[in-house]
Structures are given as C-alpha cells and as structure tokens.
Amino acid sequence: MANTLTGLIPVLYQAMDRVSRELVGLIPSVSQDFSAERVAKDQTVRSPVVPASPNQDIVPGTDPGSSEGDANIGHVDLTISKSKRNTVKWNGNEQLGLKSGGQYERIAVDRFAQSMRALVNEVEVDIGGLYKRTSRAFGTAGTTPFASDLKAIAQLQKILDDNGAPNDGERFVAIDTTAAANLLSIPNMIHANEAGTDDTLRRGVLLDIFGFGIRKSAGIATHSAGTGDSFVLDGAHQAGDTVITVTMGTGTILEGDVVTIGEHKYVVTTALSGGSFEIAEPGLRANAADTTAVTLSDSYTGNIAFHRSSLHLATRHPAMPEEGDEAKDVMEITDPVSGLSFQVAMYGGYREIRYEVGLAWGMQGMKTEHAALLLG
C-alpha cells in the first residue's frame with residue numbers, strides 16, 4: 001500500500017512547532033518510557049522497588065545466619081490507563097473551497113495543532129496529578145511561593161537531600177504561572193550582576209536554582225483538602241513509620257492531603273479509614289509521642305519538586321487488530337520538545353477523509369522519596 005500520509009508530513013510538523021510552545025514543563029522532565037509499540041488499554045507495566053539494606057555488626061566467631069542479605073523486593077505498577085484520539089475530518093467540498101481560497105494548508109496546520117495540543121495538555125495534567133505521590137511538603141497552603149525570596153527552593157533541596165534523592169542534574173521544580181510570576185520578580189533573578197545573565201530580565205528565562213531546573217507547567221493541580229480536625233496520634237510512632245494511627249478527631253483525611261506532625265509536613269497517600277491513614281515513604285522523620293497533634297492543611301496548589309526518577313510516564317500507540325483495520329495509512333510523528341510520539345491514521349469515508357491523532361499513556365509516582373510538594 002502506498003504511503004498516502006507522506007505528503008502530510010510538512011503540515012504535521014508545522015503543527016508540531018505550535019504545540020511545542022505550550023506550557024509543557026512536566027513531560028520532558030519526568031522519566032520517560034516512549035515506544036511505538038501498540039498496547040491495550042489497562043495493560044500494566046510493573047517496576048521493581050528494592051528496599052533499603054541494613055548494616056550488620058561483624059562479630060568474630062559467630063554464624064552470620066542464612067537470613068542476612070535477604071530482601072523483600074516490592075513493586076509499583078504503572079497502568080496504561082488512557083487510550084485516546086483526536087480527529088480531523090474533511091469532505092471534498094470543504095477541501096475544494098478552502099484550496100481555491102488559498103487557506104487549506106494554514107487551516108489544516110491549525111487543526112492538527114489543536115489535536116496534538118489537546119493530547120499533550122491532557123498528558124501534562126495527568127502528570128501534574130502525581131503531586132499525591134510526593135513525600136513531604138514545604139510552604140503555606142493558599143499562599144503563592146516566592147513572594148520575596150528563594151527560601152522555598154532551598155527547603156525543597158533539603159527535603160530531597162534528606163531523603164537521599166540523587167543530585168546529578170536531574171532535579172526539577174514544576175510550578176504554575178502564578179508562582180513563576182513571583183519568581184520572575186525576585187531581584188536576585190532579574191539583576192544581571194547578581195544572576196550572572198540578563199536572560200531572565202530580557203527574555204523571561206527561568207534559570208536553574210540550587211540544582212533544580214525550573215519548569216512552568218499548565219498541568220499543575222489544585223487540591224481540595226479534607227475536613228479533618230482535632231486529630232491526635234493514637235499511640236507513639238517511630239521515625240520511618242508510614243501507617244499513622246489517630247483518634248479523637250472528626251471529618252476526613254484524603255489522599256493528597258498534607259498533615260503536620262511535629263515539625264514536618266507529610267503527604268497522605270492513603271485516606272483515613274478505620275482510624276489510620278498512610279503517608280508517603282520514607283515516612284516520619286522523627287519519633288512522635290502519643291497524642292501528638294495531627295494538623296490538616298488547607299486546600300493548595302500542588303507545585304512539585306522532583307528527581308526525574310520519581311515520576312514515570314509511559315506512552316504507546318493505541319492498539320489495532322493484528323490483521324489491520326480500515327486505515328488507509330498509519331504513521332508516527334514525534335514532538336521534539338515533549339518527546340511524545342503520536343500515531344496518525346488516515347481513514348476513508350464516503351466522499352470524506354478522517355485523520356486520527358492517537359496516543360495511549362499511563363503514569364505513576366514510582367519513588368515518593370525523590371519528590372516533594374511546594375504548596376501554593
């Protein structure tokens with residue numbers, strides 16, 4: 001069969017150039033598993049999680065025991081949870097009319113741009129929803145960070161350092177445009193003699209700060225907090241505990257809520273049920289006594305600081321029958337900025353043609369220790 005989509009490649013790449021200018025800060029920054037393989041919706045990809053290994057005392061003359069060195073290898077599942085298309089359709093009359101007026105190619109570019117934009121933006125929003133897969137939090141819920149200084153970035157660095165996240169140039173902070181506007185107003189960022197460049201002042205470039213690449217994203221989520229109030233710990237808890245048992249309180253504690261226990265703010269990964277809830281690994285930073293207050297934060301904007309290894313995105317081409325379907329031609333086109341590879345399929349109809357831009361994807365927070373929340 002002839003490659004009937006070949007002539008459409010210039011139009012698709014012009015459209016891609018427009019998509020690339022969207023605020024897509026998360027997709028290029030997370031760990032990516034992109035493939036042109038076709039996959040079924042709800043297929044699961046399993047990633048192993050190796051636990052920390054304890055040290056042992058060396059005691060001469062004693063048998064170290066056969067159990068030393070054993071490890072319970074855990075796992076985190078990533079499910080290809082979405083398989084979607086965005087459609088561009090023309091009939092013969094529409095094409096002839098637009099071509100006679102010299103407008104067909106420009107409008108075709110815009111229509112494909114809108115198709116890819118819709119898919120890219122949905123993926124970005126889905127990754128933004130992984131704010132619930134972070135370890136601890138810094139900031140004040142309902143207050144935009146960077147009002148006057150860069151303290152928030154330093155505290156995020158401390159959280160990731162304390163949790164053992166690699167500091168290898170793969171750390172990022174993804175923020176919404178409101179936080180970015182504050183950041184662009186800080187004198188250290190816009191004074192060329194302090195920043196070492198006028199890129200921020202002249203071109204609005206967000207420079208790296210304290211080892212973090214700063215990324216603006218249109219996918220930053222807003223979290224509506226639970227109604228929990230007056231909870232206290234039910235019994236003493238130890239550093240490293242992730243299951244938190246509480247009593248005396250009322251209302252709800254939801255997944256994604258931020259609770260303060262002692263001096264630290266923790267992200268809830270499993271909602272309150274039966275008198276307990278779970279917080280993310282690596283758990284409590286310090287021992288906490290019985291009846292220690294458990295305070296729930298207000299609703300917030302979920303800016304995310306993370307190492308690339310903490311957030312995973314997998315994309316595939318939507319499934320087709322092995323025997324093929326009614327598509328006249330199918331091709332792949334890759335966005336050079338986000339890295340997303342779209343499946344473009346062309347279907348004929350009665351005096352019309354339909355193009356489907358398709359993508360299947362899933363994401364998961366694989367390593368909560370390597371991610372933190374910046375409350376806004």
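Which helix holds the place of I107? That residue sits in helix α3, residues 104–128; helices here are DSSP runs of H or I with at least four residues, strands are runs of E with at least two, and both are numbered from the N terminus. Keep in mind that this is a predicted model, in which local features need pLDDT of at least 70 and side-chain atom pairs count only at pLDDT 80 or more, while totals for chains, interfaces and linings use all residues. Residues are numbered from 1 along each chain as its sequence is written, and side-chain values use heavy atoms, with hydrogens and water left out.

I107 counts as partly exposed because its relative accessibility is 23%; buried means under 20% relative accessible area, exposed means over 50%, and partly exposed is in between, using a 1.4 Å probe and protein chains only. Setting aside neighbours within four places in sequence, I107 touches W90 and L98, where contact means heavy atoms within 4.5 Å. V11 is 96 residues away along the chain, yet its C-alpha atom is 9.8 Å from that of I107. A113 also lies in α3, but with a relative accessible area of 8% A113 is buried.

Now on to helix α4, residues 151–162. The buried residues of α4 are A152, I153, L156, I159 and L160. They cover an arc of only 115 degrees around the axis, so they sit on the same side of α4; the arc is taken from the directions from the helix axis to the C-beta atoms. The cover over these buried residues includes β5 (136–138), β6 (171–175), β7 (212–216), β15 (300–307) and β20 (371–375). Just after the helix, G164 takes a positive phi of about 85 degrees.

One of those covering strands, β6, deserves a look of its own. Because 5 of its 5 residues are buried, β6 is largely enclosed by the rest of the structure. R171, V173 and I175 are buried on one side, F172 and A174 on the other, so both faces are covered. As for partners, β6 runs parallel to β7, joined by 5 bridges, and antiparallel to β15, joined by 4 bridges; strands pair if DSSP finds at least two bridges between them. On the β7 side, R171 stands opposite F212, while A174 has I304 as its bridge partner in β15.
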